[in-house]
Amino acid sequence: MPLILHVDMDAFFAAVEQRDNPSLKGRPVVVCGGLGPRSVVSAASYEARRFGVHAAMPVTEARRRCPEAVFLVARHRHYAQVSRRLRSVLEEFAPDVEQTSIDEAYLNATGCDHLWGGPVGMAKALKQRVRAELDLTCSVGIGQNRFLAKMASSLCKPDGLLHLESHRVPELLWPLAVRRLCGVGQKTAERLERLGLRTVGDVARADPGWLEAALGTWGRWLWERAHGRDPVTGRREKPTERSLSHEVTFTCDVSDPEAIRATLLGLCDRLARRLRKAKAAARAVFVKLRFADFHTITRSRTLGHAVVMTEDIFLVAWDLVRQGWAARRPLRLIGVGVSGLLESGWQISWLDDERQRAKERLALATDLLRDRFGEDAVERAAVLLVRGHQDGRR
Ligand SMILES: [Mg+2]
């Protein structure tokens with residue numbers, strides 16, 4: 001039977017800060033994207049969470065809720081270093097480690113657990129190694145698929161260990177509110193509640209055909225999860241599931257279409273560069289707009305072909321922005337992303353057209369310059385003009 005471990009560091013950024021500065025231990029610590037008036041919380045220690053502070057909350061709100069907290073600016077490079085050490089610890093336990101974010105990873109432990117006398121023994125040993133090597137705590141969820149492993153770790157945080165065996169799904173998952181299911185956001189939860197589905201058990205007991213009629217294929221997805229089933233046991237199928245995105249928060253709200261357009265172009269440029277680095281092409285483009293009143297919308301479009309160049313992504317993204325953004329309504333944040341990634345869609349298939357080739361050479365040269373001299377080495381003129389509006393967070 002497949003065996004998956006999901007490892008999730010506890011309040012990662014805040015825990016690293018508390019580890020590095022012992023005078024912060026036991027105190028509420030809030031790590032922020034910046035300290036400006038528009039910044040948001042990146043991570044909150046468990047002491048700060050008790051005051052209702054959580055990630056993505058505006059820093060001003062966090063200060064109001066917990067004025068005595070220590071507020072720090074995130075040190076992403078440092079956290080990335082710690083994350084790399086974490087990865088090498090995890091690789092001691094299983095050959096197949098898939099890191100899904102800076103502080104989370106799935107281990108395909110199928111056939112590896114005998115060395116530690118079973119899954120729980122393995123997870124215990126792993127937690128001990130992480131503590132010894134990094135002086136940090138993590139929570140480990142165990143399951144026979146990714147979904148169960150991830151649910152397990154979310155249920156046992158912090159510093160927990162839970163083996164969520166399939167036969168315990170009715171006991172452990174069904175009493176939970178639907179919004180606790182991994183993959184169910186606020187909006188979806190509200191939609192489910194309107195259908196009379198409040199708990200995971202409500203979903204599990206619903207007729208799958210009815211769910212599918214009401215919610216589309218997603219209804220079937222949800223019903224399977226409510227029963228603890230996930231077709232993906234090992235590594236997620238790479239290209240189709242992945243997405244890339246960039247966003248920027250303006251230091252002051254922006255309503256000038258030219259400024260928005262130029263910012264979007266800069267974001268598309270970065271995105272295209274990451275696509276090329278990944279030797280991937282994208283079949284869908286999405287944009288995210290957050291207005292001055294925090295109302296946030298997304299617009300997306302699936303394309304009949306794959307895109308990889310800045311201009312191609314930008315044309316779609318700009319069209320989507322114009323659909324969602326009317327009458328110079330002041331914008332607080334703009335983001336753009338791509339999904340439906342295909343592998344190696346670029347280097348071969350785009351060589352036909354001479355104009356395309358020129359664009360490609362320019363793109364490659366730009367990439368090389370940025371690799372060598374940093375992100376700001378090359379910038380489109382239009383992007384430079386609006387630089388003053390941005391606070392640099394992405
Ligand atoms: Mg975490």
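In the predicted model, Asp-20 is partly exposed, with a relative accessibility of 34%. The residue takes part in a salt bridge with Arg-75, in which the closest N and O atoms are 3.0 Å apart. This pair connects distant parts of the chain, since Asp-20 belongs to helix 1 (residues 12–20) and Arg-75 to the loop between strand 4 (70–73) and helix 4 (76–91), a separation of 55 residues. Arg-75 is likewise classed as partly exposed, at 35% relative accessibility. Because the values of 34% for Asp-20 and 35% for Arg-75 fall between the limits of 20% and 50%, neither residue is assigned to the buried or the exposed class.

The search of the whole structure returned 25 salt bridges. Side chains of opposite charge can pair when their charged atoms come close. One of these pairs is formed by Arg-229 and Glu-224, whose closest N and O atoms lie 3.0 Å apart. Arg-229 is partly exposed at 38% relative accessibility, and Glu-224 is partly exposed with a relative accessible area of 22%.

The model contains a magnesium ion, which is coordinated by Asp-8 (OD), Met-9 (O) and Asp-103 (OD) at 2.1 to 2.4 Å. The spacing of these donor residues in sequence is D-M-x93-D. Asp-8 lies in strand 1 (residues 4–9), whereas Asp-103 occupies the loop between strand 5 (96–101) and strand 6 (104–108), so the pair ties together parts that are 95 residues apart in sequence. Asp-8 is buried, its relative accessible area being 10%. Asp-103 is counted as buried at 15% relative accessibility. Both assignments follow because the values of 10% for Asp-8 and 15% for Asp-103 are under the 20% limit for a buried residue.

Ser-39 is situated in the loop between strand 2 (29–32) and strand 3 (41–44). Despite this loop position, Ser-39 is buried, with a relative accessible area of 2%. The side chain of Ser-39 reaches the backbone oxygen of Gly-34 at a distance of 3.1 Å.

Cys-182 is buried, with a relative accessible area of 18%. Cys-268 is buried as well, with a relative accessible area of 0%. The value for Cys-182 is 18%, so this residue is still classed as buried under the 20% limit.

Note on methods. Residues numbered from 1 in each chain as written. Predicted model: local features only at pLDDT ≥ 70, side-chain atom pairs only at ≥ 80, totals over all residues. Heavy atoms only, no water. Helix = DSSP H or I, 4+ residues; strand = E, 2+ residues; numbered from the N terminus. Buried < 20%, exposed > 50% of the residue type's maximum accessible area, 1.4 Å probe, protein only. Polar contact = N/O pair within 3.5 Å; in protein donor to acceptor, adjacent residues only side chain to side chain. Donors = N, O, S within 2.8 Å, 3.2 Å for Na, K, Ca; no water. Salt bridge = Lys/Arg side-chain N within 4 Å of Asp/Glu carboxyl O.
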